[in-house]
Amino acid sequence: MHNFPQHLLDGHANFMAGRYAREKERIRDLAETGQTPSTMIIACCDSRAAPEMIFDCGPGEAFVLRNVANLVPTYQPDGGQHGTSAAIEFAVKALGIANIVIMGHGRCGGIKAALNPDFSPLDEGDFIGKWMSMLGELPSQLGTKSMMTATEQQTALERISIRNSIRNLRTFPYVAALEAEGKLAVHGAWFDISTGELWIMDADGDFIRPIL
């Protein structure tokens, strides 16, 4: 039996002495009354792009789902085990979320893999390759743009992927219905790890820097 990672134990000790001590009543109230976040954030599991850090969220303020490359599949009620779809279902149907934000980020490893299909799978199961195949022909179509550098291609696909996931999200009947009724808003965002900049998607699908 391996020892539990010491840096995690130290981090928890700091949490108890710091944030928990300062917000004890709020955290205990959340434990008793349950969560009522208004926003769901679908983000990448990359350790450098944590939504709670980026948006300075406290406990109970955001319902966060993280997966490889922040992808959303289409609605597939086929009896399979769909973790991302299950989280969307719970957020919308049980929590009554008012906003869903799909947030990509720069230097995404999943997107890099999608742009380089000749890379050898990390394992014979190739779960990453199968997951990223959700993008379909988008990576190969982008690769024909010879005037773009590799970095520009990756940034472009990171943002195109967000738009693609939003399209897929709208195949969920209850998402489409609530959005049409004005009870749910769907957003796209892209975070630059290097600069800390946040870019948001406008109504035309372009990414712009918000005016603070």
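**Rings, charges and burial**

Student: What makes R159 a charge over the face of W190?

Tutor: This is a predicted model. In it, R159 lies 4.3 Å from the ring centre of W190. The cut-off is within 6 Å, along with an angle within 35 degrees of the ring normal. R159 is listed over the face, so the contact counts.

Student: Where does K130 lie, and at what distance from the ring centre?

Tutor: K130 lies over the face of F127, at 5.9 Å from the ring centre. That value is also within 6 Å.

Student: How many aromatic pairs does a search of the whole structure find?

Tutor: The search finds 4. One of them joins Y75 and F172.

Student: Why is the pair of Y75 and F172 called edge-to-face?

Tutor: The centres are 5.3 Å apart, and the planes are at 65 degrees. Pairing needs centres within 6.5 Å, and edge-to-face needs over 60 degrees, so the label follows. Y75 sits in the loop between β2 and α5, F172 in the loop between α9 and α10, so the pair ties together parts 97 residues apart in sequence.

Student: How do you know whether F172 is buried or exposed?

Tutor: F172 has 1% relative accessibility. Buried means under 20%, so F172 is buried. Y75 has 36%, so Y75 is partly exposed.

Student: What links Y75, F172 and Y174 into a cluster?

Tutor: Ring pairs do. F172 also pairs edge-to-face with Y174, at 6.1 Å centre to centre and 65 degrees between the planes. Y174 has a relative accessible area of 14%, so Y174 is buried.

Definitions and conventions
Residues are numbered from 1 along each chain as its sequence is written. This is a predicted model: local features need pLDDT of at least 70, side-chain atom pairs count only at pLDDT 80 or more; totals for chains, interfaces and linings use all residues. Side-chain values use heavy atoms; hydrogens and water are left out. Rings of Phe, Tyr and Trp (its six-membered ring) pair if their centres lie within 6.5 Å; planes under 30 degrees apart count as stacked, over 60 as edge-to-face and the rest as tilted. Helices (H or I, at least four residues) and strands (E, at least two) are DSSP runs, numbered from the N terminus. Buried means under 20% relative accessible area, exposed over 50%, partly exposed in between (1.4 Å probe, protein chains only).
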